[in-house]
Amino acid sequence: MIEINHVSKWYGPLFQALKDCTTSVARGEVVVVCGPSGSGKSTLIKCVNALEPFQQGKIIIDGISLTDPKTNLPKLRARVGMVFQHFELFPHLRIIDNLCLAQEKVLGRSHDEAAAKAMKLLERVGLTTHARKYPAELSGGQQQRVAIARALAMDPIAMLFDEPTSALDPEMISEVLDVMVDLAREGMTMMVVTHEMGFASKVAHRVIFMDQGEIVEDTPKADFFGKPRSDRAQKFLSKILSH
Ligand SMILES: Nc1ncnc2c1ncn2[C@@H]1O[C@H](COP(=O)(O)OP(=O)(O)OP(=O)(O)O)[C@@H](O)[C@H]1O
Ligand SMILES: [Mg+2]
């Protein structure tokens, strides 16, 4: 579903943020991306959603190349759900309208159709009673569940997450992870930047470890937790698991 082939990216003329990254995510596969701060995780995931350009290599989503000039990037982007650390809901719109906006504007759904879909998804993330509220009236965990529902409303072919729980208080982390675990178990194709190793060990098929712009490890989950090969991954794991 997602193919990343020899992708290199520079910010400005000198700083190389991604170095010859190659990996892929099959349909229904859940891949966790981890690694130290500044290693390029967000950059990689932004390249997959064409939010950042890259200078070398190819990314192909569901058979469509991002660098093909004929590709309609806004259309492709609408089909790949993205959930960030900060929820980025529209503060002036009620929750229900946050979920309807892109459905109507981008997919051309009628308001009734969009609202019905929105309510179904709010039910799924346990927030039906909050539909008429504004984002600021919800907790961080609730807002992040709304952000996930909003992405799902577009019927995405894959979902990308960039540290979706790292800005949340500890008691709210599990309510968001529960929604993500359900999604994974239903067969959603997911690429998830997270340091929640509990999530990784529960649902990930593979773990990618990045350091200094490189994919240092790309291994089945059991191998990653059992015997990460590189020193760098071992050090990283022992640091985060000791918390
Ligand atoms: N817009 C930008 N312009 C210039 N440099 C950038 C930009 N965005 C990121 N970088 C640099 O690229 C490198 C990779 O950043 P990135 O945000 O992808 O790391 P990350 O692995 O997501 O880190 P974190 O865990 O802190 O979120 C860092 O050194 C960062 O300073
Ligand atoms: Mg990041």
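The side chains of E52 and K9 are joined by a polar contact of 3.2 Å. A polar contact is a pair of N or O atoms within 3.5 Å; within protein, one must be able to donate a hydrogen and the other to accept it, and residues adjacent in sequence count only if both atoms are side-chain atoms. This is a predicted model: local features need pLDDT of at least 70, side-chain atom pairs count only at pLDDT 80 or more, and totals for chains, interfaces and linings use all residues. Residues are numbered from 1 along each chain as its sequence is written, and side-chain values use heavy atoms, without hydrogens and water.

Where does E52 sit? The loop between helix 1 (41-48) and strand 4 (56-61) holds E52. Leaving out residues up to four places away in sequence, E52 touches K9, Y11, K46 and C47. Contact means heavy atoms within 4.5 Å.

Now the whole chain. It has 9 helices and 10 strands. These are DSSP runs: helices (H or I) of at least four residues, strands (E) of at least two, numbered from the N terminus.

| Property of the chain | Value |
|---|---|
| Box of the C-alpha atoms, along the principal axes | roughly 50 × 45 × 30 Å |
| Buried share of the 243 residues (buried: under 20% relative accessible area, 1.4 Å probe, protein chains only) | 52% |
| Share joining residues at least 24 apart, among contacts between residues at least 6 apart in sequence | 64% |

Methods:
Chains are lettered from A and ligands numbered from 1 in the order in which they are written. Buried means under 20% relative accessible area, exposed over 50%, partly exposed in between (1.4 Å probe, protein chains only).
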